[in-house]
Amino acid sequence: MSERADILPAVQMILDRVVPDSGWRAVLVVRLQGMREAQLRFGYEFGNQIMLAARERLVEAVRHFDTVFVAGDDTFVVVLPSVRNRTHALLAATRIVGAFDAPLLRGDRPWHGRPIVGVAVHPEHGTSAELLYRRAELAHDEALRVGEAFALYQPDATPVEILYGELREDIEANRLHVAFQPLRDLRSGEMVRVESLSRWTTTAQVHVAPADFIQFAERSDLIVPLTRWSLNASLRHAAALHRGGCPLDVAINLSPRVFAESGFAEQMLGAMEIWGVPPTAVIVEITETALLTDLDMSVRVLRCLRDRGVRVAIDDFGTGYASFAYLRHFPATELKIDRTFVDAMNTDSRTELLVQAMVDVAHRLGMEAVAEGVENEATLLRLVEMDCDLVQGYHIAEPMKAEDFVSERLAAASLI
């Protein structure tokens with residue numbers, strides 16, 4: 001499969017080859033929904049066959065002088081070297097979507113691919129291949145957000161733009177940083193844990209929200225190096241606390257995408273050994289969506305970690321698709337109740353009952369209940385009454401740069 005770095009020069013050559021003033025050009029990002037899940041469930045060879053069949057569909061749907069690139073396990077880039085206007089480009093997107101009305105037949109297993117298409121046009125949205133590619137990606141995300149099959153890039157409707165190369169270089173150069181947010185044990189009243197949170201400020205001093213750059217990394221091939229960076233950076237700061245005689249448990253967020261990496265569990269355990277942080281001091285947090293991505297693979301990797309002492313938390317519980325059947329098989333040791341429930345429970349009696357039910361379910365399954373987003377004393381006191389185990393939120397403590405957190409904690413310990 002071609003990578004983005006290989007495609008961009010080829011796209012630029014097409015754009016440069018076109019005679020000036022010969023009309024508009026367009027770059028389309030086409031992503032097949034559910035492709036990754038199909039690969040994980042039925043195998044990568046099945047995925048490769050589907051992608052070949054999908055490329056044939058795309059070639060048939062566009063004109064003979066348009067170009068179709070394979071840009072990843074589920075993504076294509078289509079370059080239209082000549083379009084009359086934006087509407088003409090959107091008509092091409094319509095043809096592409098319609099081409100997938102019939103299933104892609106491979107052997108005895110037909111697969112229905114649902115494409116989402118993002119469109120950017122030259123020169124209105126940019127003249128470089130990278131800029132047009134990024135803006136087509138952003139248009140794709142907007143289409144996905146509003147539930148449409150395709151969308152044209154709209155600057156006012158688009159979130160912050162992220163440069164792929166800039167994020168990749170900053171990950172490789174260790175320019176991101178970790179923040180620690182403490183969690184309090186409601187029985188002892190002590191700070192017993194921190195959650196590690198990735199933060200990114202670009203070289204231009206632009207603070208990029210985690211929701212933006214982490215989602216961007218999830219959609220690209222950057223989520224694996226970002227996860228590895230986060231893991232090692234978090235363990236490095238946790239190791240400093242252990243060496244200083246005031247250890248705390250550290251919770252680290254993992255993307256389900258890393259589970260497909262061969263030997264990931266062993267590599268993570270090896271990193272803990274290198275940094276000198278015992279597995280029993282580490283919690284990995286997985287969102288409920290990991291349960292749907294590939295339950296069997298998630299269970300295998302997480303059970304390997306749990307068998308060595310690592311704890312497993314289901315993050316944002318209540319907002320996804322987890323059911324009691326999933327909970328029965330998933331090797332979780334704790335549930336993190338999403339902040340949307342915690343924030344609303346003091347003003348909505350039904351939500352309060354739901355939070356109490358989540359705490360009770362966690363305890364009945366032998367897990368700890370952790371409440372996120374505790375913003376006031378009233379919420380804290382109600383969670384104490386509910387017998388919740390741990391809490392975090394701005395009322396407890398705001399995230400702090402990990403270096404500063406470690407320094408302050410070690411300094412405080414030296415005064416005792």
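Why is strand β10 (residues 282-287) largely enclosed by the rest of the structure? Five of its six residues are buried, where buried means under 20% relative accessible area with a 1.4 Å probe and protein chains only. This is a predicted model, in which local features need pLDDT of at least 70, side-chain atom pairs count only at pLDDT 80 or more, and totals for chains, interfaces and linings use all residues. Residues are numbered from 1 along each chain as its sequence is written, and side-chain values use heavy atoms, with hydrogens and water left out.

**Strand β10 and its partners**

- Strands are DSSP runs of E with at least two residues, and helices are runs of H or I with at least four, numbered from the N terminus.
- Strand β9 (residues 249-253) runs parallel to β10 and is joined to β10 by four bridges; two strands pair if DSSP finds at least two bridges between them.
- In this pairing, A251 stands opposite I283 of β10.
- From β9 the chain passes through helix α9 (residues 264-275) to β10, a right-handed β-α-β crossover; with the strands pointing away from the viewer, such a path over the helix runs clockwise.
- β10 is also joined by five bridges to strand β11 (residues 311-317), and these two run parallel.
- Here I286 stands opposite I314 of β11.

**Helices α3 and α4**

- The axes of α3 (residues 44-61) and α4 (residues 86-99) come within 9 Å and cross at roughly 140 degrees; axes are lines fitted to C-alpha atoms over the stretch in contact, with angles from 0 to 180 degrees between N-to-C directions.
- R57, L58 and A61 of α3 make the contact with R95, I96 and A99 of α4, contact meaning heavy atoms within 4.5 Å.

Definitions and conventions: Buried means under 20% relative accessible area, exposed over 50%, partly exposed in between (1.4 Å probe, protein chains only).
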